Amino acid sequence: MAASSASVSFPSFKLKYLLIFTCLIGIVSAHLSTKFYDKTCPKAVKTITKAVDEAVSTEPRMGASLLRLHFHDCFVQGCDASVLLDDTENFTGEKNSFPNANSLRGFEVIDNIKSTLEKLCPATVSCADILAVAASESVGALGGQRWNVPLGRRDSITASLSESNSDLPAPFLDLNGLITAFAKKNFTTQEMVILSGAHTIGQARCTFFRGRIYNESNIDSSYAAAMQAACPFEGGDGNLSPFDTKTSATFDNAYYQNLVNLKGLLHSDQQLFVNGSGITDSQVSRYSRNMGRFKKDFSDAMLKMSMLTPLTASQGQIRTNCHFINA
């Protein structure tokens, strides 16, 4: 009886949408495999993880940068390495969109990995797969839980500046805006809260949080004062502050603890917790107390994100230089 009641109350259009999405995921899964390069480039994954580990060891912030590169790639056209393409006289990439300009970094790490792989097995490992593996390894290197990345993505021959501007969640979004932005990529509200936890590592530019620390009331006063010291009311747009001032180089649950204490850096961060009255407050509270659950859920959500509409089989190409489409 309960099952029958649930099926009746569930809107038919949502059911149809869910079935279509589930079917698409099944099709994608059939083309991607963790063993994809076992015969064609058996050292591919080890080459990527070794390079990432070295880069993150040298500069822990690089872990957050590589994770962000993958996120900004997948949210625009799917996980196809379009974010890596440079502008040319005849081509417009995504690097100069509002969320990406003077912000994305880590390209040199991807370039070095690609160069090594091209020597080991030319025209075999895609830039999109490098980004996907690098994201997982970055999280693991900083103390988070890696996920088994299915491989076999191919690289796009297109990019979308407009989609980069419209689809990447902005730091000024309210909760409803965040929910809508993630729902557009088939993520639930719960998964949006999980993926926002990526802000437990990394830094943000003053221009993205100035409005919060000077104008908002739902912020710890001592925290606001500390952030204002690094981000003046005028000037200093590029000044950096960590999302988490205590363990910025460790992938833990401090992000959620900060939100509970009204110490979220971005407006969009603090929107996830509004003193117990918000629809996502209880989830934030749970993660603030349970680091193991957060790490597991984040790993699962990232695996799902890594499979957002990838190019497979004969689609796209395997770029020999991640910055440009093959001639």
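A residue is taken as buried when its relative accessible area is under 20%. By this criterion Cys-127, with a relative accessible area of 0%, is buried in the predicted model described here. Cys-127 forms a disulfide with Cys-322, the two sulfur atoms lying 2.1 Å apart. The pair links distant parts of the chain, with Cys-127 in helix H6 (residues 127–141) and Cys-322 in the segment after H15, 195 residues apart. Cys-322 is likewise buried, at a relative accessible area of 2%. The torsion about the S-S bond of Cys-127 and Cys-322 is about -100°, and the disulfide is therefore left-handed.

The model contains 4 disulfides. Among them is the bond between Cys-206 and Cys-231, whose sulfur atoms are 1.8 Å apart. This pair also connects distant parts of the chain: Cys-206 belongs to helix H10 (residues 206–215), whereas Cys-231 is found in the loop between helix H11 (221–230) and strand E2 (240–242), 25 residues apart. Cys-206 is buried, with a relative accessible area of 0%, and for Cys-231 the value is 0%, so that this cysteine is buried as well. A torsion of about 70° about the S-S bond makes the disulfide of Cys-206 and Cys-231 right-handed.

A further disulfide joins Cys-74 to Cys-79, with an S to S distance of 2.0 Å. Its S-S torsion is about 120°, so the bond between Cys-74 and Cys-79 is right-handed. Both Cys-74 and Cys-79 are buried. When the bonded cysteines of the protein are numbered in sequence order, the pairing reads 1-4, 2-3, 5-8, 6-7.

Attention was next given to Asp-167, which is located in helix H7 (residues 161–167). Asp-167 has a relative accessibility of 5% and therefore counts as buried. Apart from neighbours within four places in sequence, Asp-167 is in contact with Phe-75, Lys-184 and Lys-185.

Of its 8 residues, 6 are buried, so helix H9 is largely enclosed by the rest of the structure. The buried positions in H9 are Glu-191, Met-192, Val-193, Ile-194, Leu-195 and Ser-196. The elements covering these buried residues include helix H8 (175–183), helix H12 (254–260), helix H14 (281–289) and helix H15 (291–305).

Key: Residues numbered from 1 in each chain as written. Predicted model: local features only at pLDDT ≥ 70, side-chain atom pairs only at ≥ 80, totals over all residues. Heavy atoms only, no water. Helix = DSSP H or I, 4+ residues; strand = E, 2+ residues; numbered from the N terminus. Buried < 20%, exposed > 50% of the residue type's maximum accessible area, 1.4 Å probe, protein only. Contact = heavy atoms within 4.5 Å. Disulfide = S-S within 2.5 Å.
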